[in-house]
Every structure is written in structure tokens, then in C-alpha cells.
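Good morning, everyone. Please look at the screen while I walk you through one protein.

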Amino acid sequence: MKKIDVVATATIYEDVSELPSDVQTLMNKAVEARNQAYAPYSKFKVGAALLLENNQVILGSNQENAAYPSGMCAERVAIWKAGSDYPGVKVKQLVITASSTNTKVDRPVGPCGACRQTLSEYEINQKEPIEIYFMGEVGKVVKTASLLSLLPFSFDSTYL
Ligand code: THU
């Protein structure tokens with residue numbers, strides 16, 4: 001028996017103004033997406049912006065449904081748009097922001113577990129890491145250098 005450390009490294013920016021300017025631009029797009037979210041039930045709006053290697057930017061926002069589990073997260077809306085419209089084109093960066101009319105979201109909002117699982121398959125297939133930046137509406141921004149760093153011991157197609 002042995003114990004191992006599973007280490008995830010993240011960079012913390014104090015706020016958006018510390019981000020590289022190209023990432024700030026992408027964050028502005030994620031805010032645009034967030035504003036278009038359909039979240040009448042949770043009042044929690046999420047926006048995601050993906051930068052593809054062909055410089056195309058793909059936006060996604062959460063889309064809720066009266067039958068709650070039929071709704072979908074912003075990140076999966078975005079990655080499925082990318083996979084559907086630009087199959088095989090690599091994803092360089094994913095930027096996420098969230099806000100709520102119930103409360104001020106001043107902490108970084110990372111992708112949920114199901115989104116991490118979904119995104120991981122794209123990262124594995126493209127054989128290049130996807131940089132992820134996530135924040136709330138204001139405040140700190142977290143950057144991780146890859147998706148898999150957010151998902152240790154992940155399940156993938158090699159088990160099948
Ligand atoms: N949501 C996302 O869009 N992304 C996440 O990673 C977490 C949660 C959405 C789903 C739902 O519409 C609302 O936020 C509240 O859970």
C-alpha cells in the first residue's frame with residue numbers, strides 16, 4: 001500500500017484586469033453569453049466562451065427547462081456547438097463566468113462534474129490541453145492549464 005499526492009496547480013488572478021488582454025476579450029464574450037442565458041428557475045446565469053485553434057469563438061449559456069434535468073450547462077452547450085459545427089478543430093481556451101439575480105457571485109465558479117467529464121473527452125481526443133479560466137460575476141479568476149487537472153482519476157474510453 002502507498003499513498004500518493006494528486007496535485008492540481010491553479011493560477012489565481014485578483015480580478016479580470018490582471019488577465020492577459022486576449023483572455024479579457026474572451027471573458028467579455030463569456031459575459032455576453034451569460035447575459036443571454038435562459039435561467040428562469042435558478043436565476044443563476046452562466047456564460048462560456050471557447051477559443052478554437054482557427055480563432056473562431058464559440059459561445060454557450062445555460063438553458064434551463066421546466067422539467068429541470070432537461071436543462072443544460074453553459075459549458076456543454078458551448079463544447080457541443082464546437083464539436084458539432086467545427087468537428088476536429090482543437091479548443092485552445094475555455095472561459096467561464098456566472099452571475100445570479102439572487103446573490104452577488106464574487107467567487108470563481110468552476111465547471112460542474114458532468115461538464116468536466118464531457119470536456120475531458122474533447123481534451124483527450126485533441127491531444128492538447130484546454131486552458132480554463134473561471135470566475136463569478138466579479139472578483140478572482142482561476143486558471144488551470146488543462147481540463148484533466150480538474151478531473152483526476154477520470155473515466156475515459158480506454159476502459160471500454
Ligand atoms: N450551471 C452551468 O451552466 N454550469 C456549471 O458548471 C454549473 C451550473 C447552470 C445549470 C443551471 O442552469 C444553473 O447553473 C444552476 O445550477
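Let me start with a term. A polar contact is a pair of N or O atoms within 3.5 Å; within protein, one must be able to donate a hydrogen and the other to accept it, and residues adjacent in sequence count only if both atoms are side-chain atoms. Now the ligand. One of its oxygen atoms is 2.5 Å from an N or O atom in the side chain of Glu-64. The side chain of Asn-62 also has an N or O atom 2.9 Å from a ligand oxygen. With Cys-112 the backbone takes part: a backbone N or O atom sits 2.9 Å from an oxygen of the ligand. On its own, the ligand exposes 370 Å², and the protein buries 75% of that. Areas here come from the Shrake-Rupley method with a 1.4 Å probe; for residues, only the protein chains shown count as cover.

A word on the source. This is a predicted model, where local features need pLDDT of at least 70, side-chain atom pairs count only at pLDDT 80 or more, and totals for chains, interfaces and linings use all residues. Residues are numbered from 1 along each chain as its sequence is written, and side-chain values use heavy atoms, with hydrogens and water left out.

Which residues surround the ligand? Among them are Ser-42, Phe-44, Val-46, Cys-73, Ala-74 and Gly-110. The cut-off is a heavy atom within 4 Å.

Next, the fold. The protein has three helices and six strands. From the N terminus, the order is β-α-β-β-α-β-α-β-β. These are DSSP runs numbered from the N terminus: helices are H or I with at least four residues, strands are E with at least two. The C-alpha atoms fill a box of roughly 50 × 35 × 35 Å along the principal axes.

Now inside. Of the 160 residues, 39% count as buried. Buried means under 20% relative accessible area, exposed over 50%, partly exposed in between, with a 1.4 Å probe and protein chains only. A nonpolar core is a set of buried Ala, Val, Leu, Ile, Met, Phe, Trp, Tyr and Cys residues joined through side-chain atoms within 4.5 Å. The largest core has 23 residues; Leu-50, Val-91, Leu-94, Ile-96, Leu-119 and Ile-132 touch the most other members. Strands E2, E4 and E5 and helices H2 and H3 each give two or more residues to this core. A second, separate core of 12 residues includes Tyr-13, Val-23, Leu-26 and Leu-51.

Is Ser-100 buried or exposed? Ser-100 is buried, because its relative accessibility is 13%. Its place is in strand E4. A polar atom of the Ser-100 side chain lies 2.9 Å from the backbone nitrogen of Asn-102. The backbone oxygen of Lys-43 is 3.5 Å from a polar atom of that side chain.

Phe-153 sits in the segment after strand E6. At 70% relative accessibility, Phe-153 counts as exposed. Neighbours within four places in sequence aside, Phe-153 is in contact (heavy atoms within 4.5 Å) with Ile-4 and Val-6. Phe-153 and Met-135 are 18 residues apart in sequence and 25 Å apart in space, C-alpha to C-alpha.
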